[in-house]
Amino acid sequence: MKTALLVVDMQMLMQENIDKGRDYTSDKIKTHIPALLSAFRAAGKPVFHIRHQQDEKMSEIYPQKESYQAMPCAEAIEGETVLYKTTSSAFASTDLTDRLRKAGISHLVIVGAVAAFCVNSTVRAGKDLGFEIVVVKDALLSFDLPAYNLSAQQILDMTTAILAAAFATVVDTKSALTSYI
């Protein structure tokens, strides 16, 4: 069993939403994601970073904009793979599947943003492709949906419950550090 860490969409746009006062879960990601990165790196296990991008210059995730850049808690280091996606799933618009299979990776530990959107799509697609998936709940970022009267915590809880029911093992950072490194 070869395991890799997949860090999804931890870009400055997320920090900008937090700074604007959006309801979110939680500041723990700013310590949990670095702890997981550090442990994977120390163990010599592969780390993949996914960034969402759009080619329209007006987009918040246009590559030359500050909001596109990685959050400080999730920056790649030299030698780590950074893939750029244009779809919700990290698998649909990148060569992630081929890279994982060539490296013999069968298990993924997934963290990042946004839980109900790109993380959810990536987890489901990865499972459909035959990967064993672990989602680290307290290393996921979730935002509210005020138009639907749903808090960030409600969305995170529902998303991870559905993923746990059929697509992934859901754990906390402490369990991930002791069981999957």
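Modeller: Let us begin with Val114, which is found in the loop between strand S5 and helix H4. Helices (H or I, at least four residues) and strands (E, at least two) are DSSP runs, numbered from the N terminus. The model is predicted, so local features need pLDDT of at least 70 and side-chain atom pairs count only at 80 or more, while totals for chains, interfaces and linings use all residues. Residues are numbered from 1 along each chain as its sequence is written, and side-chain values use heavy atoms, with hydrogens and water left out.

The peptide bond between Ala113 and Val114 is cis, with omega at about -25°.

Val114 also belongs to the surroundings of a pocket. The largest pocket has a volume of about 280 Å³. Its lining consists of 15 residues, and those closest to the centre are Leu13, Met14, Asn17, Val114 and Phe117. Two elements, helix H1 (12-19) and helix H4 (115-128), each give two or more residues to this lining. The most comes from H1, with 3 residues. The search uses a 1 Å grid over the protein atoms alone: a pocket is an open set of points with protein on both sides within 12 Å along at least five of seven lines, a cavity is a set where a 1.4 Å probe fits but cannot get out, and lining residues have an atom within 4 Å of a point. Points are joined across faces, edges and corners, and a volume is the space filled by probe spheres set on them.

Helix H1 deserves attention next. It is mostly covered, since 6 of its 8 residues are buried (under 20% relative accessible area; exposed is over 50%, partly exposed in between, with a 1.4 Å probe and protein chains only). These buried residues are Met12, Leu13, Met14, Gln15, Asn17 and Ile18. The buried residues of the helix pack against strand S2 (24-25), helix H2 (29-42), strand S5 (107-113) and strand S6, where contact means heavy atoms within 4.5 Å. Gly21 follows H1 and has a positive phi, near 95°.

Asp9 is not a glycine, yet its phi is positive, about 50°. Its relative accessible area is 2%, and Asp9 therefore counts as buried. A second residue of this kind is Asn149, whose phi is near 55° although Asn149 is not a glycine either. Asn149 is found in the loop between S6 and helix H5 (152-166). At a relative accessible area of 69%, Asn149 is exposed.

The structure holds 1 cavity of 30 Å³ or more, and the largest cavity has a volume of about 50 Å³. Asp9 lines it together with Val7, Met10, His49, Ile50, Arg51, Ala70 and Ala74. Strand S3 gives the most to this lining, with 3 residues.

A search of the whole structure finds 2 aromatic pairs (ring centres of Phe, Tyr or Trp, the last by its six-membered ring, within 6.5 Å; planes under 30 degrees apart are stacked, over 60 edge-to-face, the rest tilted). Tyr68 and Tyr84 are stacked, at 6.4 Å centre to centre with 20° between the planes. They stand 16 residues apart and link distant parts of the chain: Tyr68 is in the loop between strand S3 (47-52) and strand S4 (81-85), and Tyr84 is in S4. Tyr68 is buried at 5% relative accessibility, whereas Tyr84 is partly exposed at 40%. Phe91 and Phe131 are stacked as well, with 5.8 Å between centres and 25° between planes. Phe91 lies in the loop between S4 and helix H3 (96-102) and Phe131 in the loop between H4 and strand S6 (132-143), so this pair ties together parts that are 40 residues apart in sequence. Both Phe91 and Phe131 are buried.

Finally, the chain as a whole contains 6 helices and 7 strands. From the N terminus on, its elements run β-α-β-α-β-β-α-β-α-β-α-β-α. The C-alpha trace spans about 40 × 35 × 30 Å along its principal axes. Of the 181 residues, 49% are buried. Among contacts with a separation of 6 or more, 76% join residues 24 or more positions apart.
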